[in-house]
Amino acid sequence: MNTRRILTAGALVATGALVLAGCAAGDDESSASGGEKEFAGETLVVTSFGGDWEKAFIEAVVDPFQEETGAKVELITLYSADALAQVTAQKASPQIDVVHFSGGQEFTAAEQGLIAPIAADDLSESGDLIDIATAGLERGEGPVIQLAPIGLVYNTEADAPAPTSWEDLFDDAYAGHIALTDFSNTYGVLSMLRVADTLGGGIDDPSEAISELGALASSGDAIVVPTSPDLQTAFAQRDTWLAPYAMDYAGTLQDAGLPVEFIVPEEGATASLITANVVEGRDNPDLAKLFIDFELRPEAQAVFAENMRYSPVNTKAELSDEAAESVLTGDELDDVVVYAPGDIAASRQAWTDEWNALITK
């Protein structure tokens, strides 16, 4: 494997420098036939989320890309907020080619000219992608490469019926056994917006949803958790029966031996999105776009569905029976409600302030 790792430190955001660590094995980029591959000698710097995601990423995208093109990929571990800060700090002299976001930061990056627009025609896979994957292209954002549906995670051993609606969060049958996600976590905001749609206010006026959810927390009918590990603790140790959360993490809980299942409410799920974006100002945008095209290949999409339980955005992805039962695919994604990152960004702080005032009472 020719992948190299790039290590970062907080001070690098201010300086815009990158510290390279590790050496790429195999400097000979010639093909088996002795001819040099088209992009031999070129290098892409690509952000990664690390951990299991990176393992799947290398298998699904990085290794095939290096093998087929002859180019090398250097990975830098940056979570979304830090990635945006890094790209912003480096605007005058960018050092990253492809940046991944999972919290809607592509909206800000596009608005500030930090990422380059991608046309559907730039992506050979565009004809096979679900609409969600390319909806942001017209806003200058990169395509969605992975999708994690958010619905209701239910404890199958609960002394209460399986939920069918977002409104079941307010059913007395679950009182004292609900876990809500804090608004510091995007999953909490997205879940709230689905509740707002169900109650009638929608994204334009979610005050009722925030108030009702906040009342659950302040009354003790629900606990508030900030992170995924905290949710696992809630189901394992705090007698939680019901929580709005992501489908892939429901699978993680199942792997940990917890008796849970993921339920798509009758009003439809929402989703957390991961996008891939070409950083503006680098000298190899075509190679960066080609890399993103590799991310959208059905084979790559299948790896993430099998290994990470992300719903594939390419309709041609072929999954095992087990994976197909663990993710939403094809027509099942038609009812997933996705909110434009800009619409959330405009009001998120106000919603968070309102939420914090309620849960700290």
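This is a predicted model: local features need pLDDT of at least 70, side-chain atom pairs count only at pLDDT 80 or more; totals for chains, interfaces and linings use all residues.
Residues are numbered from 1 along each chain as its sequence is written, and side-chain values use heavy atoms, with hydrogens and water left out.

Let me begin with the salt bridges, meaning a side-chain nitrogen of Lys or Arg within 4 Å of a carboxyl oxygen of Asp or Glu; a search of the whole structure finds eight of them. One of these joins Arg 282 to Asp 97, at 2.7 Å from N to O, and this pair links distant parts of the chain, 185 residues apart. Asp 97 is buried, at 1% relative accessible area, whereas Arg 282 is partly exposed, at 26%; here buried means under 20%, exposed over 50% and partly exposed in between, with a 1.4 Å probe and protein chains only.

Asp 97 sits in the loop between α3 (80-89) and β5, where helices (H or I, at least four residues) and strands (E, at least two) are DSSP runs, numbered from the N terminus. In strand β5 (residues 98-101), Val 98 and His 100 point one way, Val 99 and Phe 101 point the other way, and all are buried. In a regular strand the side chains alternate between the two faces of the sheet.

Lastly, Lys 37 and Glu 67 form a salt bridge with their closest N and O atoms 3.4 Å apart; Lys 37 is buried, at 17%, but Glu 67 is exposed, at 53%.
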